[in-house]
Amino acid sequence: EVLQNHVLEAQVFHTEFGTGVAILTGALRFSLATNIDDLKLRRLPEVPGLQKPPPCWAVLSQDRVTMVLLAMGQELFLLDNTSCSVVCLASCVPEPSPLPQEKFCEFNTGIRSPPKQMVWCTRPRSRQRAVVLAWERQLMVVGNSSECIRMLPGHGSGIRCHFWAGAAPPHPCLIPIPAEASQEIFRIASMAPGALLLEAQKEYEKESQKADEYLREIREQQLLPEAVGQCIEAAGYEHEPDTQKSLLRAASFGKCFLDKFPPEGFVRMCQDLRVLNAIRDYQIGIPLTFTQYPTADPAWSGLGALVLRRLYPLAIRICEFLRLPEIQGVSRILAHWACYKVQQKDKSDEEVAQAINQKLGDTAGISYSDIATRAYDCGRAELAIKLLEYEPRSGEQVPLLLKMKRSKLALGKAIESGDTDL
């Protein structure tokens with residue numbers, strides 16, 4: 001049926017069984033598989049009266065049962081393994097209904113056209129729930145109150161929306177801008193130290209005497225260190241490189257008039273922004289924010305996302321730029337690359353083994369036995385044996401050879417090692 005009618009829409013979902021996929025075919029029938037690693041496609045019952053794809057539908061998992069909830073006209077339908085039932089809203093009928101039982105809130109958007117998309121969102125700490133609605137030129141966040149947040153193009157609302165695909169499952173996230181420095185500097189008619197320093201630097205570039213006036217005002221209040229700190233902090237929360245540079249130039253300008261200002265924060269911010277801008281590039285497409293970027297952790301989320309997308313050269317360059325320890329940085333990336341390489345079926349065992357050895361050599365922290373195990377799990381036993389030839393530790397070679405039922409070869413390696421226990 002799928003081959004004949006094609007797939008109109010699909011959704012990926014996550015359950016305790018693993019990653020699943022649900023599809024809507026051209027025959028307007030739903031089918032789903034709860035685990036793509038053990039693909040068993042199950043067709044759900046037909047929806048009566050369905051003449052075109054529903055405007056919205058979602059996959060739900062409850063009590064080890066996977067269902068599809070869909071909207072058609074004024075009605076909601078719930079599809080499970082055996083039946084298609086109409087869902088009655090609890091607020092509309094006196095009879096108890098299994099789904100949904102709680103009315104969260106009611107809000108009048110004042111917009112006549114239906115939204116293009118609606119998604120749930122939750123504040124990370126308070127766990128407060130809200131709904132995000134998107135129209136062609138407007139974004140709205142509605143919570144359990146009479147107020148809402150409206151975001152228009154170019155409107156500085158203090159919230160940024162990112163569709164972050166580096167986590168499992170992929171999720172869109174609305175991120176409040178936490179830096180008071182940004183709000184202080186860019187507020188209209190702001191007299192904050194950072195705002196004055198930014199203006200002073202701009203006037204200095206114009207060779208205007210106003211630069212001296214702004215700078216004198218800051219220094220008379222003894223707020224120059226605070227002004228420099230505000231500009232450095234605010235630069236971290238900006239996504240436009242031009243704005244980042246403007247703020248950092250202002251901080252650098254202010255530092256020239258301070259005798260003892262520690263440079264580490266300025267240098268570190270320049271370094272962090274260079275990395276963030278590299279992975280935010282449109283060809284990479286990972287909109288990581290400054291608060292999501294804990295560089296103290298070698299396995300920070302941005303680096304992991306690059307590896308999962310197989311952007312190995314950029315990941316290695318970032319490790320080298322950040323001077324991460326080889327075992328925690330470059331070695332882990334190369335090991336991931338090698339494990340991916342053994343899955344390529346278009347290369348011979350000899351070519352793959354030589355390519356991996358040529359790239360990895362004797363890099364610290366690399367275990368050829370782990371890569372060989374991955375090759376064996378992929379059904380490439382001969383490749384696994386070739387990779388084990390590069391493993392210097394016999395104690396790592398023998399167990400895998402025994403697992404592969406290559407007892408004679410395992411015995412030879414044990415004898416060569418000179419280790420009687422092995």
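The UniProt annotation "coiled-coil region", which comes from an unreviewed entry, covers residues 197–224, and such annotations may be inferred rather than shown by experiment. This is a predicted model, in which local features need pLDDT of at least 70, side-chain atom pairs count only at pLDDT 80 or more, and totals for chains, interfaces and linings use all residues. Residues are numbered from 1 along each chain as its sequence is written, and side-chain values use heavy atoms, with hydrogens and water left out. Over residues 197–224 the chain is 75% helix and 0% strand, with the end C-alpha atoms 8 Å apart; helices are DSSP runs of H or I with at least four residues, strands runs of E with at least two, numbered from the N terminus.

Helix H3 spans residues 193–205, and its 13 residues reach 19 Å from the first C-alpha to the last, close to the 18 Å expected at 1.5 Å a residue, where the expected span is 1.5 Å times one less than the number of residues. Among the buried residues of H3 are Pro193, Leu197, Gln201 and Glu203, buried meaning under 20% relative accessible area with a 1.4 Å probe, protein chains only. Their cover includes helices H2 (180–186), H4 (210–220), H5 (224–236) and H6 (241–255), judged by contact, that is, heavy atoms within 4.5 Å. Just after H3, Glu207 takes a positive phi of about 60°.

Methods. Buried means under 20% relative accessible area, exposed over 50%, partly exposed in between (1.4 Å probe, protein chains only).
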